Amino acid sequence: MPHTKSSRFARELRQSVLLTPSLLLLVVFFIVPIILTVYYSFTNLALTGANAKNFHFVGLYNYQTIFSDPKMWQSIKATLIFLFGSLAGQSILGFFIAYFMKKKNRVFRSVVGPCILAGWVMPEIVVALCCFAFYDTMGTANAFLSLFHIAPIPWLYKHPMLTVVLANIWHGTAFSMLTYQSALDNVSEDIEEAALVDGASRRQTLVKIILPCIKETIATNTMLNTLQTLGVFSLIWAMTGGGPGTATMTMPIYMYNQGLKNYQLGQGTAIGMILLLIGALCSIIYMYLLKPEKA
Amino acid sequence: MKAKTVTTLQYVTLTAIAIAFVLPLLWLLFAACDGNANQALKIPHIWTVKNFKSVFSSARNVRGFGVGLVISVTQSAIVVLCSGLAAYPLSRYDLRFKKAFMFSILFMTALPMIAVIVPVYKMYLTIHLLDSIWGLVLYLAATALPYAIWLMKNFMDGVPIELEEAARIEGASTLQIIEKVIFPLMLPGICVTFIFTFSGSWGNFFVPYILLSSQKKLPASVLLYQYFGQHGEIAYGPLAAFSLAYALPSVLFYILSQKFMSKGFTLSGASKG
């Protein structure tokens, strides 16, 4: 049979039949919600009140409303602090654990590794409970501080943001540790030793040799952590509910409050839309970094 | 600094970090087995299983675990089936849209899907899928699918096509090839995909919290939240026991997945010689 354009199309169509169930699911429950997000964010969609009966297109009204609401700016600020706090903590801690663990006693490694991994393997809501109890006024953190005669600190009321960041670091560090462990394993030991023989200090070797070797891993790991951290809801919701006040109200929580608690679906969707755009941007950067040749 | 001092310092730092990381977990273990548990870490005077007994003597809790299991198993089965079917053409055929498709899939794996939950809520309200286990399962399946397709396609790439061709020459039908050649070789990949998907939905609190409302349909994750998220009087012992039982499948599946992953895929050897 000659390979005309139409016969190739027919063949590809026939061969793609097995994709149908996946495509159906993805279109209906993944792509349609994304399209709806864009659409609803420009409407006055609401479940109660006058707008509920009079659904129409409102242009940029939702965006104007949310950006003129001081709560939006508070939530952006909270999101940024939560994001950068978590990123810094998880990456730095994860890297140094991986770096120090290299060439250590095997038994020691097999004890320390699981200690770090445990917080990662736990479901988010269990992490929330463990940290909620840990940072309770009568909890383990204060019991430890009392050994040094430090008065109990009401962590969740006095330092709510710091507490949820610490909880997220407990949860997420293992991922960075694992990523950096496999990256460090691929750094040739010869280069490292050559640098040391040539008289470089340990810090010089780390900054000038090791870090440049794994810079791509640092970038991908940061992107993945960013995407993961932007989506954190359960941990904060269960620990503080976004409070006290608006202290830990990150964008997902603001979105939930506006959209599903106050039933202003249009506004909630507009917040979701902004979150989605930031996520999409990070996702594109991540793909660019990954350059999947295999696909 | 001498090399030995540096090494010692590193050991000390690592030990301190490990202790700091393990403390909240130790609290969970000890509190679950302590009849008088409170917020702070302490070794139980008397070790007891009474917290576990009280958790599982409640029909509501048992139901929560059962519902969670039904949701996760159904969702994972759908995801494995769909992604397994999709992986075949994506791995075996030369399709023009393949590269764009795989790019879109990778893009979708990274999107924070929490951002679209408000429209999903409205959509489910309109098509009467709100407070429906099926609705929840389908949504969870769709959001887990991109990563599963990515995994399955890569596993399928690892199954040498030569084995399939050899079977075809011997006169095997397509169905027989799937049953006797592809399925057994894909089994580790299928298990890994199943485990990842299962752990994802078992640990998911947010989506069932939004999409379900009837008390009798709530999975364990939402019950757990109800027991301590409202910040009333908290019974720490039973709560820790509940959490421990709830976290156990996630931990076991993680260990299991490591086993599958570390075995590696040495199938390419079959096509040599």
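**Note on the predicted A–B complex**

1. Interface size. In this predicted model, 68 residues of chain B are in contact with 67 residues of chain A (contact: C-beta atoms, placed from the backbone, within 7 Å). Residues are numbered from 1 along each chain as its sequence is written, and chains are lettered from A and ligands numbered from 1 in the order in which they are written. Local features need pLDDT of at least 70, side-chain atom pairs count only at pLDDT 80 or more, and totals for chains, interfaces and linings use all residues.

2. Helices (H or I, at least four residues) and strands (E, at least two) are DSSP runs, numbered from the N terminus. α1(B) has the largest share, 13 residues. By class, this side of chain B holds 54 nonpolar, 11 polar and three charged residues. Ala, Val, Leu, Ile, Met, Phe, Trp, Tyr, Cys and Pro count as nonpolar, Asp, Glu, Lys and Arg as charged, and the others, Gly among them, as polar.

3. Helix α6 of chain A (residues 124–134) packs on α1(B) at an angle of about 100°, the axes being 9 Å apart. Axes are lines fitted to C-alpha atoms, for helices over the stretch in contact, and angles run from 0 to 180 degrees between N-to-C directions. α6(A) is therefore roughly perpendicular to α1(B); angles of 65 to 115 degrees count as roughly perpendicular, under 35 as roughly parallel, over 145 as roughly antiparallel and the rest as oblique. C130(A), C131(A), A133(A) and F134(A) of α6(A) meet L23(B), P24(B), L25(B), W27(B) and L28(B) of α1(B). This contact has nine nonpolar residues, no polar and no charged ones.

4. A helix pair within chain B. The axes of α6(B) and α8(B) (residues 174–202) come within 10 Å and cross at roughly 155°. The two helices are therefore roughly antiparallel. From α6(B), L140(B), A144(B), A148(B), L151(B), M152(B), F155(B) and M156(B) meet M186(B), G189(B), V192(B), T193(B), T197(B), G200(B) and S201(B) of α8(B). The class count is nine nonpolar, five polar and no charged residues.

5. Domains of chain B. Chain B splits into domain 1 (1–48) and domain 2 (56–265); the bounds come from an automatic or database domain assignment. Their C-alpha centres lie 33 Å apart. Nine residues from domain 1 and six residues from domain 2 make the contact. The domain 1 side has five nonpolar, three polar and one charged.

6. Backbone checks in chain A. G243(A) and P244(A) are joined by a cis peptide bond, with omega about -5°. P244(A) sits in the loop between α13 (234–239) and α14 (251–261) of chain A. H149(A) is not a glycine, yet has a positive phi of about 60°. H149(A) lies in the loop between α7 (140–146) and α8 (155–158) of chain A.

7. Confidence. The predictor gives the complex an ipTM of 0.89 and a pTM of 0.90. Chain B averages a pLDDT of 88, and 94% of its residues score at least 70 (pLDDT: the predictor's confidence in each residue, from 0 to 100). Residues 264–273 of chain B stay under 50, with 11 contacts beyond four places in sequence. Where pLDDT is low, the predicted coordinates should not be read in detail.

Note on methods
Contact = placed C-beta atoms within 7 Å.
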